[in-house]
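Trainee: I have a model open and would like to understand the terms used for it. Could you take me through them?

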Amino acid sequence: MNDLPLGGKIAVITGAGRGIGKAIALRFAKEGADVALCARSRKELSEVNSIVGRLGRTCLTLSVDLADPTQVRSFCDQIIDKFGAVDLIVNNAGVYLERGTFENSDPELWWKTMEVNIRGPYLITYHLLAVMRRGGKIINLSSGKGYSAGANSNAYHVSKAALNMMTEGLANELWLRDIDVNTLVPGPTATATFDNLPPGQERPPEEILAQDRSSLPKGLPAWERVKHPDEVADFAFYLATRPVGGPTGQIYSLARRPL
Ligand SMILES: NC(=O)c1ccc[n+]([C@@H]2O[C@H](COP(=O)([O-])OP(=O)(O)OC[C@H]3O[C@@H](n4cnc5c(N)ncnc54)[C@H](OP(=O)(O)O)[C@@H]3O)[C@@H](O)[C@H]2O)c1
């Protein structure tokens with residue numbers, strides 16, 4: 001136990017190799033939490049693991065494909081073996097595999113999106129719920145696209161809409177255990193998913209943020225702003241530190257437009 005705000009807390013964060021998940025993992029560790037992190041990329045996880053180690057926190061990292069229930073189970077079993085309890089779950093990992101029309105979609109990719117974006121958070125939460133302590137928080141990373149139907153990217157919209165309903169239903173069940181479940185919508189954030197460049201060409205947030213606004217994805221209103229992942233981590237930290245009896249079943253959006 002340390003005297004920091006998240007001292008003595010165990011936080012599980014999916015998709016923590018880069019982007020928003022990495023920013024949340026490092027912020028939680030800086031604030032005193034021990035962390036269990038997964039993603040597929042071993043290299044990215046190993047870098048995050050080293051930074052957490054230098055902060056003096058315990059870090060479990062495992063290469064896990066959230067689309068594979070056996071791997072998810074094994075990750076959760078290892079968390080329970082190592083830590084025995086969990087205080088914070090951040091279901092952050094998400095994929096945006098197709099951006100075209102429904103008519104031109106690939107059934108395999110449509111379903112893979114469900115496996116990662118909704119069955120993944122379901123399985124992580126399902127396996128860890130029994131060891132979640134009173135005062136626990138579950139934070140699910142959703143998207144504005146889970147609240148309004150677009151004329152493209154159907155799988156992503158459907159998967160995030162399903163995650164929103166999981167959040168609300170779970171909040172209705174878990175208040176009895178003083179566990180809060182909330183949705184965090186980051187809005188446009190400078191990450192690989194946002195940048196949509198081919199694998200291996202990912203750019204650091206600072207480089208994305210420095211580019212001319214006209215080269216950003218179309219469709220953002222003039223008053224929308226692309227954020228650094230650390231800004232999303234700030235808000236995740238705020239949610240993680242709400243006292244017992246704080247908000248649950250809510251949607252927090254960092255976007256600058258109505259959902
Ligand atoms: N950035 C935005 O503008 C934005 C806007 C709205 C919502 N969001 C949501 O915010 C969350 C984080 O997105 P991000 O922008 O930070 O994305 P990102 O930079 O691409 O990072 C995604 C993370 O998820 C992991 N991941 C992807 N597929 C996985 C799988 N099958 N199994 C395990 N881990 C997997 C990735 O690692 P590996 O590839 O190594 O597995 C990576 O660590 C997502 O849920 C996304 O939908 C983002």
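Mentor: Gladly, and pairing comes first: two strands pair if DSSP finds at least two bridges between them. Helices (H or I, at least four residues) and strands (E, at least two) are DSSP runs, numbered from the N terminus. This is a predicted model, in which local features need pLDDT of at least 70 and side-chain atom pairs count only at pLDDT 80 or more, while totals for chains, interfaces and linings use all residues. Residues are numbered from 1 along each chain as its sequence is written.

Trainee: What makes strand E6 and E7 a pair?

Mentor: Strand E6 (residues 180–185) and E7 share 3 bridges in the parallel sense, and at least two are required, so they count as paired. Within E7, Ile251 is the bridge partner of Thr183.

Trainee: Why are strand E3 and strand E7 called edge strands?

Mentor: The open sheet has 7 strands in the order E3-E2-E1-E4-E5-E6-E7, with parallel pairing. Strand E3 (59–63) and strand E7 (251–253) each pair on one side only, and they are the edge strands. On average, neighbouring strands of this sheet are turned by 15° against each other, direction ignored.

Trainee: Why are H1 and H8 described as oblique?

Mentor: H1 and helix H8 (residues 229–240) pack at about 50°, with axes 8 Å apart. Axes are lines fitted to C-alpha atoms, for helices over the stretch in contact, and angles run from 0 to 180 degrees between N-to-C directions. Under 35 degrees is roughly parallel, over 145 roughly antiparallel, 65 to 115 roughly perpendicular and the rest oblique. H1 and H8 are therefore oblique to each other.

Trainee: Which residues of H1 and H8 meet?

Mentor: Among them are Gly19, Ile20 and Ala23 in H1, and Pro229, Val232 and Ala236 in H8. Contact means that C-beta atoms, placed from the backbone, lie within 7 Å. By class, the residues of this contact are 10 nonpolar, 1 polar and 2 charged. Ala, Val, Leu, Ile, Met, Phe, Trp, Tyr, Cys and Pro count as nonpolar, Asp, Glu, Lys and Arg as charged, and the others, Gly among them, as polar.

Trainee: What surrounds the ligand, and what makes a residue near?

Mentor: A residue is near if its C-beta atom, placed from the backbone, lies within 6 Å of the molecule. The ligand is surrounded by 30 residues, the closest being Gly15, Gly19, Arg40, Ser41 and Gly94. Helix H1 (19–30), strand E2 (34–39) and helix H6 (192–195) each give two or more residues to this shell. The shell has 14 nonpolar, 12 polar and 4 charged residues.

Terms used. Contact = placed C-beta atoms within 7 Å.
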